[in-house]
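Please look through the model shown here before reading my comments. They are written for someone new to protein structures.

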Amino acid sequence: MAKGEVSQELIEKLKSIVGEKYCITDKEKLEPYGHDEVTDPHYMKPAQCVVLPANTQEVAACVKACYEADTIMVPRAAGTGLAAGAVAIFGGVIISIERMNKILEIDKENMIVTTEPGVTTAVLQNTVKDAGLFYGGDPCSGDSCFIGGNVATNAGGNRAVKYGVTRDQVLGMEVVTPAGDIVELGGKVRKNATGYSLMHLFIGSEGTLGIITKIYLKLVALPKFSMDLLAVFDNLDDAIALTPKVMNAGITPVCVEFMDNASIKQVEVFLNEKLQHSDIGNYIIVQIAGDNEDLLDEQCEKIDELAREGNALDVLVANPTVIWKSRKAYLEADRARSLVFSMEDIVVPMTEIPGAVSQISRLGEKYNVAMHCAGHCGDGNVHIDILKDDRTQEEWEDMLPKIQQEIYKLVYSLKGRVSGEHGIGFKRAALMAKYTNPVEIEMMKAVKKGLDPKNIMNPGKVVDVTK
Ligand SMILES: Cc1cc2nc3c(=O)[nH]c(=O)nc-3n(C[C@H](O)[C@H](O)[C@H](O)COP(=O)(O)OP(=O)(O)OC[C@H]3O[C@@H](n4cnc5c(N)ncnc54)[C@H](O)[C@@H]3O)c2cc1C
């Protein structure tokens with residue numbers, strides 16, 4: 001692994017590339033870069049130096065300088081990650097793309113947007129919407145995360161059922177390699193069978209293979225109508241069981257989201273607002289969209305029928321602002337209750353969701369710990385927040401691996417995986433190594449060693465080639 005300590009000589013070199021103002025070494029200004037959104041102090045580390053290049057050429061020059069000084073680099077976007085991927089755990093220079101925040105072109109005829117990586121996802125969504133087009137990606141953190149971070153983590157989100165995850169939106173990208181070379185992978189083409197798809201290796205590579213400096217994204221026509229339905233169940237198993245029924249009813253919803261009762265109550269406290277049926281309800285939120293209003297009405301009736309057959313207490317057309325504000329507040333609400341918590345991000349085949357959620361949620365009782373479940377059940381991805389209470393840190397650290405062991409044994413027995421969308425970063429690297437076929441891990445290491453032989457680009461994240 002390259003060096004973690006950043007020399008004064010390298011700092012001076014970086015200043016000469018980006019300008020003194022954009023090379024941060026002041027302790028106070030460095031504070032936000034010492035963590036992402038993982039709240040456990042184990043996944044935090046004060047940064048020594050952060051550079052903020054203005055364009056691809058400056059990124060490449062900074063990378064070359066670090067490469068020549070044999071010093072670790074950590075790419076960083078908005079820092080909303082949930083895997084400690086953008087934290088300089090092993091030291092080195094953080095290369096932040098936050099100043100690269102311009103949408104370069106909206107090509108309406110080809111339905112492609114070309115953007116720098118530091119554009120906030122919601123800004124990108126709204127800008128293309130103003131041009132009459134639609135970007136399918138929609139992580140819950142859209143108001144704060146950057147599109148470059150989304151590509152680097154292959155972010156999922158609420159609309160993945162219909163539009164797919166970030167990977168499904170990307171047509172091309174420009175990348176700065178760990179040695180500082182600039183290369184374009186894919187581009188404004190809808191098909192590409194020209195050799196290995198290296199672009200797909202970079203999507204979800206979490207900054208371990210290079211720095212993404214430009215992105216080409218697919219757009220679609222803006223749907224004319226959309227409707228959000230809220231089905232409320234007093235029984236958790238009944239709620240979850242609605243998901244495969246909706247998915248198999250010949251309807252392609254935009255999303256099918258889930259919140260258990262404990263999460264709803266927590267959000268209610270956090271927002272200080274009364275939520276419908278919060279006393280006993282578990283929520284399934286279904287969004288449908290399209291250009292034919294009559295068809296949407298028919299689909300709405302079908303979902304209502306399926307939910308009531310499945311023992312729903314109530315099915316209503318939801319106020320989109322209220323329901324999405326509540327759903328998106330899930331994580332913040334848990335953090336407000338307990339600063340230290342572990343957010344698991346399991347994914348299982350969609351039909352296994354009911355069994356997985358009902359078994360996992362019972363672990364809360366077994367370990368006498370608060371566990372809240374919510375997520376994107378339409379694509380088999382559920383978040384489980386395990387909240388630290390007044391247990392000591394020692395007791396917490398003793399208990400957490402036991403719960404995780406039970407969760408992941410179950411998930412893997414159901415042919416699931418450790419992470420559906422939040423990624424591996426530093427937080428889940430050991431978990432992934434433990435549960436993944438060693439042959440697959442060796443293949444990942446071969447990719448990392450091949451593209452980053454000096455192990456200089458975000459080392460120790462995703463796969464640790466030194467082990
Ligand atoms: C409230 C909340 C809700 C969330 N909801 C969702 C959700 O619905 N779906 C979801 O998938 N995630 C969600 N997340 C997690 C997070 O927002 C996503 O992982 C997001 O894609 C990270 O983007 P970022 O800009 O913050 O990236 P960062 O956190 O800055 O970086 C993430 C990773 O990408 C790498 N990276 C960043 N930029 C580049 C680049 N230009 N080139 C190469 N590597 C780079 C970093 O090294 C790091 O490993 C949520 C987080 C929060 C706090």
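1. Basis. This is a predicted model, in which local features need pLDDT of at least 70 and side-chain atom pairs count only at pLDDT 80 or more, while totals for chains, interfaces and linings use all residues. Residues are numbered from 1 along each chain as its sequence is written, and side-chain values use heavy atoms, with hydrogens and water left out.

2. Domains. The chain is assigned domain 1 (8-99), domain 2 (103-221), domain 3 (225-413) and domain 4 (424-453); such bounds come from an automatic or database domain assignment. The centres of domain 2 and domain 4, taken over C-alpha atoms, are 24 Å apart. Between these two domains, six residues of domain 2 are in contact with six residues of domain 4, where contact means heavy atoms within 4.5 Å.

3. Largest core. A nonpolar core is a set of buried Ala, Val, Leu, Ile, Met, Phe, Trp, Tyr and Cys residues joined through side-chain atoms within 4.5 Å. Buried means under 20% relative accessible area, exposed over 50%, and partly exposed in between (1.4 Å probe, protein chains only). The largest core has 56 residues, and Ile284, Met371, Ile386, Ile403 and Ile407 have the most contacts inside it. Helix α15 (residues 393-413) contributes the most, eight residues; helices (H or I, at least four residues) and strands (E, at least two) are DSSP runs, numbered from the N terminus. Because domain 3 (225-413) and domain 4 (424-453) both give residues to this core, it lies between them.

4. Ile407 and the second core. Not counting residues up to four places away in sequence, Ile407 touches Glu344, Ile346, Ile360, Leu363, Met371 and Ile386. There is also a second, separate core of 37 residues, which includes Leu14, Cys66, Ile72 and Ile95.

5. Helix α10. This helix (residues 293-309) has 17 residues and spans 24 Å from first to last C-alpha, close to the expected 24 Å; the expected span is 1.5 Å times one less than the number of residues. Which residues of α10 are buried? They are Leu296, Gln299, Cys300, Ile303, Leu306 and Ala307. Seen down the axis of α10, these fall within an arc of 130°, so they line one face of the helix; the arc is that of the directions from the helix axis to the C-beta atoms. An α-helix has 3.6 residues a turn, so residues three or four places apart point the same way.

6. Surroundings of α10. Its buried residues pack against β12 (225-233), α8 (236-247), β14 (282-290) and β15 (314-317). On the other side of α10, Asp294, Glu298, Glu301 and Glu309 are exposed. After α10 comes Asn311, with a positive phi near 75°.

7. Lys448. This residue is in helix α17 (residues 438-451). Is Lys448 buried or exposed? Lys448 is buried, with a relative accessible area of 3%. Its side chain reaches the backbone oxygen of Met457 at 2.7 Å. Beyond its neighbours within four places in sequence, Lys448 is in contact with several residues, among them Thr208, Leu209, Val463 and Val465.

8. Met1. Met1 lies in the segment before α1 (8-18) and is partly exposed, with a relative accessible area of 45%. Met1 and Leu451 are 450 residues apart in sequence and 14 Å apart in space, C-alpha to C-alpha. Leaving aside neighbours within four places in sequence, the contacts of Met1 include Ile72, Phe90 and Lys454.

Technical notes. A polar contact is a pair of N or O atoms within 3.5 Å; within protein, one must be able to donate a hydrogen and the other to accept it, and residues adjacent in sequence count only if both atoms are side-chain atoms.
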